Amino acid sequence: MKNKKRYNNGTAYLMLSPVVFMLTIFVVIPLIYAIRISFYDWSFYQDPVFVGFRNFYLVLTDDRFYTSIGVGLKFVILVVPIQLVLAFLFAHVVRAMGRKASSFVKTSIYIPTIISGIITAIIFQIIYNFDGGVLNAIIGSFGFEKVGWLVEKQIVLFGLAIPAIWLGFGITALIMLAGLLDIPESYYEAASLEGASAVQKMIYITIPLLKNVAVYLLVTGFVGAIQQLELPLFLTNGGPSDATLLPNFYIFEHFRNDLLMGHTIAAALLLFVVLGTISAIIFRVINSEKAIDE
């Protein structure tokens, strides 16, 4: 028994070694090096100078850093709940379809996922354009005034959220659908025999058994939305008046404009801490557990 156990462990370590090696090369070592750089005034053109925690102090005393975090959280609130609700409803519709129809629909909704953020930004630039844009042409045909979707501070973040929802909707819906299909049909049959309505089945069966899937989609959606870069970069350039200054755009702006990289690296590490902390809180508040007993 001991030899067999030792053999099984050795096989597991052997199978994991390529993943561990890749993570070490591309994640662990760069992270350690980035932490080291954050304590220096460092650039591509001069020798690094040790400055201690000064780079972190500069970031933590920069009001625009806190503005970017606040804008990022607002953006998450606009994107993630709508994306999850739409994906949940859409997954129910696809589940009820025939095999051929559902295959076509699943392939169709996945298309936005493989489109780059830059292409999406170009598409929505055409849609949102003030003069000649598709959206203003539509609302103009009903007699309404043109809207500056990308220049009015009150609505610009919502205008940015729509393409973000569109980009992530496909993969979110497919994962949600996979979770729905994993729920045993016998649960619904038993509920029907007890006289449960469709709403009761959703509340007492579907939603509880999708909790683990929902937690995963909530965390990945949060991380993906708050780190969005292409849309604010190509649609609004962070404006107007920093209304779309998402955290990654703040970091990219310093990378593009600063001669020294310490501030940029320190901001990226602090964002990493923020993301890790909020993700841990989500996992803590919504405990993941085994949904179906075997």
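This report walks through aromatic pairs and helix packing in a predicted model.

**Aromatic pairs**

Let us start with the rings. A search across the whole structure turns up ten aromatic pairs. One of them joins Tyr40 and Phe50 in an edge-to-face arrangement, with 5.4 Å from centre to centre and 75 degrees between the planes. This pair links distant parts of the chain, since Tyr40 sits in strand β1 (residues 40–41) and Phe50 in strand β2 (residues 49–50), ten residues apart. Is Phe50 buried or exposed? With a relative accessibility of 57%, Phe50 counts as exposed, because the cut-off for that class is over 50%.

A second pair brings Phe90 and Phe169 together. Their ring centres lie 5.4 Å apart and their planes stand at 75 degrees, so this pair is edge-to-face. Here too, distant parts of the chain are linked: Phe90 belongs to helix α3 (residues 63–95) and Phe169 to helix α7 (residues 156–181), and 79 residues separate them. Phe169 has a relative accessible area of 17% and is therefore buried, the limit being under 20%.

Beyond these pairs, the rings of Phe124, Tyr128, Trp149 and Trp166 are linked into a cluster by ring pairs.

| Helices | Angle | Distance between axes |
|---|---|---|
| α3 and α10 (residues 211–226) | about 135 degrees | 9 Å |
| α3 and α12 (residues 247–257) | about 145 degrees | 8 Å |

How are α3 and α10 oriented to each other? They are oblique, and their crossing is right-handed. On the α3 side, the contact is made by Gly72, Leu73, Phe75, Val76, Val79, Val80 and Leu84. From α10 come Leu217, Leu218, Gly221, Phe222, Ala225 and Ile226. Sorted by class, this contact of α3 with α10 holds eleven nonpolar residues, two polar ones and no charged ones.

Now for the other partner. Which residues of α3 meet α12? They are Arg64, Phe65, Ser68, Ile69 and Gly72, and they meet Pro247, Tyr250 and Glu253 in α12. The contact of α3 with α12 divides into four nonpolar, two polar and two charged residues. Gly72 of α3 takes part in the contact with α10 and also in the contact with α12.

Note on methods: Residues are numbered from 1 along each chain as its sequence is written. This is a predicted model: local features need pLDDT of at least 70, side-chain atom pairs count only at pLDDT 80 or more; totals for chains, interfaces and linings use all residues. Side-chain values use heavy atoms; hydrogens and water are left out. Rings of Phe, Tyr and Trp (its six-membered ring) pair if their centres lie within 6.5 Å; planes under 30 degrees apart count as stacked, over 60 as edge-to-face and the rest as tilted. Helices (H or I, at least four residues) and strands (E, at least two) are DSSP runs, numbered from the N terminus. Buried means under 20% relative accessible area, exposed over 50%, partly exposed in between (1.4 Å probe, protein chains only). Axes are lines fitted to C-alpha atoms, for helices over the stretch in contact, and angles run from 0 to 180 degrees between N-to-C directions. Angles under 35 degrees count as roughly parallel, over 145 as roughly antiparallel, 65 to 115 as roughly perpendicular and the rest as oblique. A crossing is left-handed if the near helix is turned anticlockwise from the far one by less than a right angle, and right-handed if clockwise. Contact means heavy atoms within 4.5 Å. Ala, Val, Leu, Ile, Met, Phe, Trp, Tyr, Cys and Pro count as nonpolar, Asp, Glu, Lys and Arg as charged, and the others, Gly among them, as polar.
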